[in-house]
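Please look over the model shown below before reading on.

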Amino acid sequence: MFEAVGGAILHVLQPEVLFATAVGTIIGIIIGALPGLTATMGMALLAPFTFFLEPVVGISMLIGLYKGGTFGGTISAVMIGTPGTASNAATMLDGYAMAKRGEGSRALGCSLTGSVIGDFCGSICLVLGAPLLASIALKFGSPEFFALTVFAVTMVCYVSGHSLAKGLLAAGIGFGFALIGTDPIGGSPRLTFGIPDLSAGIGILPLAIGLFGFTEVLIQLEGYSPTVDKPIRVMGFDIWQIARDIRQHLRTVIRSSLIGTLIGALPGIGAETSNWVAYGMAKRASKRPETFGRGNIEGVIAPEVAANAVCGAAMVPMLIFGIPGDIVTAIMMGALIGQGLQPGPNLISENPTIFYALFANMFVSMLMLAFFGFFAIKLAGRILSVPRPILFTSVAILCVAGTYAVSSSLFDVGVMMAFGFLGYAMRKLDIPIPPLVLAFILSRLIEESFRRSLIQGDGTLWIFLQRPIAAGFLALTAITLTGLLLQQWRAWRAGNGSVQGS
Amino acid sequence: MTPTFFPRVALAMTAAFAILVALTVFTRSDPLPLLVMTRTNWLRIGTLLVINAAYLATMRLFGFVLSSMVLMLVLPLLVGYRNMFAVIATALALPPVVSLIFWYGLKVALPGAQAFELLTWFQ
């Protein structure tokens with residue numbers, strides 16, 4: 001093991017890996033800072049490039065992008081009052097209010113420091129938790145994997161939007177698309193409609209690039225109006241003031257780190273949830289809760305720490321169980337598979353150097369985030385002044401080029417565009433997209449583990465109840481579903497039959 | 001268990017929840033984003049659909065660089081962006097740069113122009 005760890009550290013400190021991490025972090029910060037461009041979209045666009053790089057180099061670039069993108073959204077949240085990504089939505093409430101009264105630099109400085117601290121906690125969770133969980137995961141059989149994946153999909157449906165029915169509808173669509181191709185047990189073609197290009201199924205990258213990249217292009221171009229959000233000017237920041245702020249709110253920092261780490265480690269939930277939970281908890285614990293939303297620095301620190309603590313923790317279920325912690329790690333998992341690496345309990349024993357290199361890179365990218373984040377704050381005004389029509393037309397071109405690069409197939413480009421329009425329709429119908437992508441990714445695991453479990457249990461469903469871990473996860477799924485249905489029923493009755501839609 | 005079992009489950013799940021969602025549309029307190037779209041929005045998305053279909057169809061004939069240049073000229077103008085210098089400069093610069101990055105950096109050839117190959121065939 002020590003040999004593998006040593007090899008991994010040397011690997012990560014090689015110039016090409018450091019360069020790739022730096023490039024990923026810079027691209028991530030810029031993408032996150034631009035409203036409409038998200039870390040998820042950046043991940044989908046950059047993933048095809050990594051196929052042509054060494055696994056550690058490629059994945060290091062994606063880790064840098066993940067962290068940079070999660071922080072980058074703060075810049076636009078604070079300076080123009082529009083969160084660059086959903087994981088920075090809570091930061092906007094107090095960050096923008098601070099910027100309006102001339103404290104934008106303090107808000108951004110605290111947010112960067114909080115992001116780095118949160119990131120460190122998440123990475124520690126990954127380093128300590130992953131090997132421990134891997135030993136448990138090795139005991140998992142098909143029934144356990146089936147129950148865990150069903151639980152993960154349910155959790156995504158639970159947190160995506162206000163309606164469970166919409167989440168499950170999206171998951172159903174995702175399952176349907178994933179089943180196109182070849183039957184995993186028998187090997188016979190399925191749902192190909194006689195189209196030879198569909199015999200290998202639909203790739204995760206055309207789907208992800210379409211749903212997260214091309215959809216955003218369509219949404220932005222369709223709704224564009226020439227009025228421009230003018231960024232608030234940010235002056236240089238006082239490092240000592242930021243240090244004082246962080247020290248003064250150390251409890252909030254620790255609490256938010258724990259919230260982010262716990263939420264990230266749960267399969268299916270990510271930074272979009274953790275930042276609101278941390279914000280709510282900070283407000284509840286505060287002696288002056290009435291100042292939240294009016295420019296309280298705690299309201300900036302809490303969500304930022306929690307959002308970045310998710311980054312490391314969300315990789316635990318992805319690397320150990322092959323079940324993504326959130327939608328960004330779902331695309332990262334697609335990139336790992338594209339590199340010939342299968343996330344799951346055997347990853348650590350089959351590819352120890354790559355596994356530990358990922359760990360080491362978590363800390364390298366954390367330092368990169370601190371370094372480049374500092375400059376990004378200074379250059380924020382320029383990043384935000386790129387005209388949107390030019391920006392999103394360029395993104396459209398990159399979506400096409402990135403998709404084509406994966407398989408040199410114009411059919412895949414057409415599939416990507418079709419998913420772009422499907423994503424657009426879903427956004428207009430207020431149906432969440434993340435459950436579709438997660439169900440698509442987990443579909444094969446669900447089907448295979450279910451069918452293998454039935455073979456193992458001589459065709460009966462009792463096998464799921466005879467295995468304690470599987471039964472536990474199925475019970476958790478049932479409790480989550482029942483609780484949510486009751487909650488929605490009560491909300492529906494309280495609102496005299498009206499449902500909040502968005 | 002037959003290979004059609006899971007497709008049936010997925011279809012049943014999609015159909016059941018689609019019906020449920022359709023029924024709750026009428027009980028929403030705020031309007032569905034689709035229902036608040038103006039005529040301009042519908043026109044824009046329709047045009048975007050046609051332009052992107054044409055872009056995909058012509059890519060095989062005119063190649064990635066040429067067809068992307070045209071797309072980058074048309075889309076910003078379609079949505080009302082009028083800084084012609086920025087539009088033309090980006091349209092002329094970005095597609096060749098992307099193509100060169102893919103070729104020299106990743107050894108991937110983006111679609112070339114078959115129309116020019118046809119011309120050389122006629123000569």
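A residue is called buried if 20 or more other C-beta atoms lie within 10 Å of its own, exposed if 12 or fewer do, and partly exposed in between, with C-beta atoms placed from the backbone. This is a predicted model, in which local features need pLDDT of at least 70 and side-chain atom pairs count only at pLDDT 80 or more, while totals for chains, interfaces and linings use all residues. Residues are numbered from 1 along each chain as its sequence is written, and chains are lettered from A and ligands numbered from 1 in the order in which they are written. Helices (H or I, at least four residues) and strands (E, at least two) are DSSP runs, numbered from the N terminus.

- Helix 5 of chain A is largely enclosed by the rest of the structure, because eleven of its twelve residues are buried.
- The buried residues of helix 5 of chain A are Ala89(A), Ala90(A), Thr91(A), Met92(A), Leu93(A), Asp94(A), Gly95(A), Tyr96(A), Ala97(A), Met98(A) and Ala99(A).
- Among the elements that cover these buried residues are helix 4, helix 6 (104–137), helix 12 (271–285) and helix 13 (298–321) of chain A, where a contact means that the C-beta atoms of two residues, placed from the backbone, lie within 7 Å.
- The end C-alpha atoms of helix 5 of chain A are 17 Å apart, which agrees with the 16 Å that its twelve residues should span at 1.5 Å a residue; the expected span is 1.5 Å times one less than the number of residues.
- After helix 5 of chain A comes Gly102(A), which has a positive phi near 85 degrees.

**Packing of helix 4 against helix 5**

- Two packed helices are described by the angle between their axes and the distance between the axes.
- The axes of helix 4 (residues 55–79) and helix 5 (residues 89–100) of chain A come within 7 Å and cross at roughly 50 degrees, the axes being lines fitted to C-alpha atoms over the stretch in contact and the angles running from 0 to 180 degrees between N-to-C directions.
- Helix 4 and helix 5 of chain A are therefore oblique to each other, given that angles under 35 degrees count as roughly parallel, over 145 as roughly antiparallel, 65 to 115 as roughly perpendicular and the rest as oblique.
- Thr74(A), Ala77(A), Val78(A) and Met79(A) of helix 4 of chain A make this contact with Thr91(A), Met92(A), Gly95(A), Tyr96(A) and Ala99(A) of helix 5 of chain A.
- By class, the contact of helix 4 with helix 5 of chain A has six nonpolar, three polar and no charged residues; Ala, Val, Leu, Ile, Met, Phe, Trp, Tyr, Cys and Pro count as nonpolar, Asp, Glu, Lys and Arg as charged, and the others, Gly among them, as polar.

**Helix 18 of chain A and helix 17**

- Helix 18 (residues 410–428) of chain A has 19 residues and reaches 27 Å from its first C-alpha to its last, close to the 27 Å expected at 1.5 Å a residue.
- Buried residues of helix 18 of chain A include Asp412(A), Val413(A), Met416(A), Phe419(A) and Tyr424(A), and the cover over the buried residues of this helix includes helix 8 (164–178), helix 9 (204–222) and helix 17 (388–407) of chain A together with helix 2 (39–78) of chain B.
- The axes of helix 17 and helix 18 of chain A come within 8 Å and cross at roughly 135 degrees, which makes helix 17 of chain A oblique to helix 18 of chain A.
- In this contact, Cys399(A), Val400(A), Thr403(A), Tyr404(A), Val406(A) and Ser407(A) of helix 17 of chain A meet Asp412(A), Val413(A) and Met416(A) of helix 18 of chain A.
- The residues of the contact between helix 17 and helix 18 of chain A divide into six nonpolar, two polar and one charged.

**The interface with chain B**

- In chain A, 50 residues are in contact with 51 residues of chain B.
- Helix 8, helix 9, helix 17, helix 18 and helix 19 (434–456) of chain A each supply at least two residues of the side that touches chain B, and helix 17 of chain A gives the most, with nine residues.
- The side of chain A that touches chain B has 28 nonpolar, 14 polar and eight charged residues.

**Positive phi and a buried helix residue**

- Most residues other than glycine have a negative phi.
- Leu191(A) has a positive phi near 55 degrees although it is not glycine, and lies in the loop between strand 2 (189–190) and helix 9 of chain A.
- Asp430(A), in the loop between helix 18 and helix 19 of chain A, has a positive phi of about 65 degrees and is not a glycine.
- Asp430(A) is buried, with 20 other C-beta atoms within 10 Å.
- Ile327(A) lies in helix 14 (residues 327–338) of chain A and counts as buried, with 30 C-beta neighbours inside 10 Å.
- Leaving aside neighbours within four places in sequence, Ile327(A) is in contact with Thr40(A), Gly270(A), Pro434(A), Val437(A) and Leu438(A).
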